Amino acid sequence: MALAADAVARRGLWPRDLLSFLPGDDKCDAVYGQISAVDSYAHDCAHAFFGPTCEYSVAPVGRMVKFWNTPLLTVGALTHDFSNKKTSCEDEYHMLTRVGTLGFRDVAQFVVSVMDQYSWRRASLVYDKDGYHVLSGEHTCKLMMEALVKLMKERRLQFASFDTEKAADQGLKEHLKREVGNDFSGEHQRRRHRHPLSSLSLSLSVSLRLRLVRIASSHFGPDDGAAD
């Protein structure tokens, strides 16, 4: 933050001494995040919060700042709950603003759009629950999958899910053979329906191993609630 403030000051956009930054380490943990936020507000009279970014840490802090009437800006808060409306004082995260351009709901919409493009109606979701921990903290990929499952349910798409941690002593190949091969492979569908693959466009399934796809943000706009 100090580097960003210095860069803005060099451009003459505001005086160098306009802002004072009070660092606090939430350790990507909900308890430490709340303690740091309370200390900053009560003892240091913080006027705004930049962060936390980890999902389980920003959630409780985002709820508290509403009652302090103090804004919170974060590049995290990627789960679909943070994309809900924030325009009313009664809204859960009224004082939280996501400044990132891509959330889990956006990734889910992208995946479902690809399925629509190819008329896929069934999907097997194979994921590592704590994959990409460095991106958004604990259970990053699990939370991503929850956003995808929520959208797939809304669209009445069929799916099965499997967390690779449940059989960590086996390799991915074995996971795919067991969880995907029997029920979701194109070969299985051909035998089951006795039709050529080209005629199974409505029932053809896809295996999605999403650990968080990095997609150019230029392909998307912000979530509907990102700037609320």
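**A lysine and its surroundings**

Modeller: Start with the backbone oxygen of Phe82: it lies 2.4 Å from a polar atom in the side chain of Lys86. That is a polar contact, meaning N or O atoms within 3.5 Å; within protein, one must be able to donate a hydrogen and the other to accept it, and neighbours in sequence count only if both atoms are side-chain atoms.

A word on the source. This is a predicted model, where local features need pLDDT of at least 70, side-chain atom pairs count only at pLDDT 80 or more, and totals for chains, interfaces and linings use all residues. Residues are numbered from 1 along each chain as its sequence is written, and side-chain values use heavy atoms, with hydrogens and water left out.

Where does Lys86 lie? Look in the loop between S2 and strand S3 (96-98). Helices and strands here are DSSP runs (H or I, at least four residues, for a helix; E, at least two, for a strand), numbered from the N terminus.

Is Lys86 buried or exposed? Lys86 is buried, because its relative accessibility is 2%. The scale runs as follows: buried is under 20% relative accessible area, exposed is over 50%, and partly exposed is in between (1.4 Å probe, protein chains only).

Tyr93 sits in the loop between S2 and S3 as well. At 4% relative accessibility, Tyr93 also counts as buried. Now trace back from Tyr93 to Ser83. They are 10 residues apart along the chain, and their C-alpha atoms are separated by 9.4 Å.

Next, find the disulfide. The structure holds 1. Its sulfur atoms belong to Cys28 and Cys54 and are 1.7 Å apart; the cut-off for a disulfide is a pair of cysteine sulfur atoms within 2.5 Å. The link is left-handed, with -100 degrees about the S-S bond. What does the pair tie together? Cys28 is in the loop between helix H1 (2-10) and H2, while Cys54 is in the loop between S1 and helix H3 (55-68), so the bond ties together parts that are 26 residues apart in sequence.

Cys28 is partly exposed, at 27% relative accessibility. Cys54 is buried, with a relative accessible area of 10%. Two other cysteines are worth checking. Cys45 is exposed at 52%. Cys141 is buried at 1%.

Stay around the disulfide and look at the backbone. Lys27 lies in the loop between H1 and H2. Its phi is near 55 degrees, a positive value in a residue other than glycine. Lys27 is exposed, at 52% relative accessibility. Then move to Pro52, which is in the loop between S1 and H3. The peptide bond that leads from Gly51 to Pro52 is cis, and its omega is near 10 degrees.

Which residues of H6 are buried? They are Thr140, Cys141, Leu143, Met144, Met145, Ala147, Leu148, Val149, Leu151 and Met152.

After H6 comes Arg156. Arg156 is not a glycine, yet it has a positive phi of about 60 degrees. Its place is in the loop between H6 and strand S5 (158-163). At 74% relative accessibility, Arg156 is exposed.

Finish in S5. Asp163 is found in that strand.
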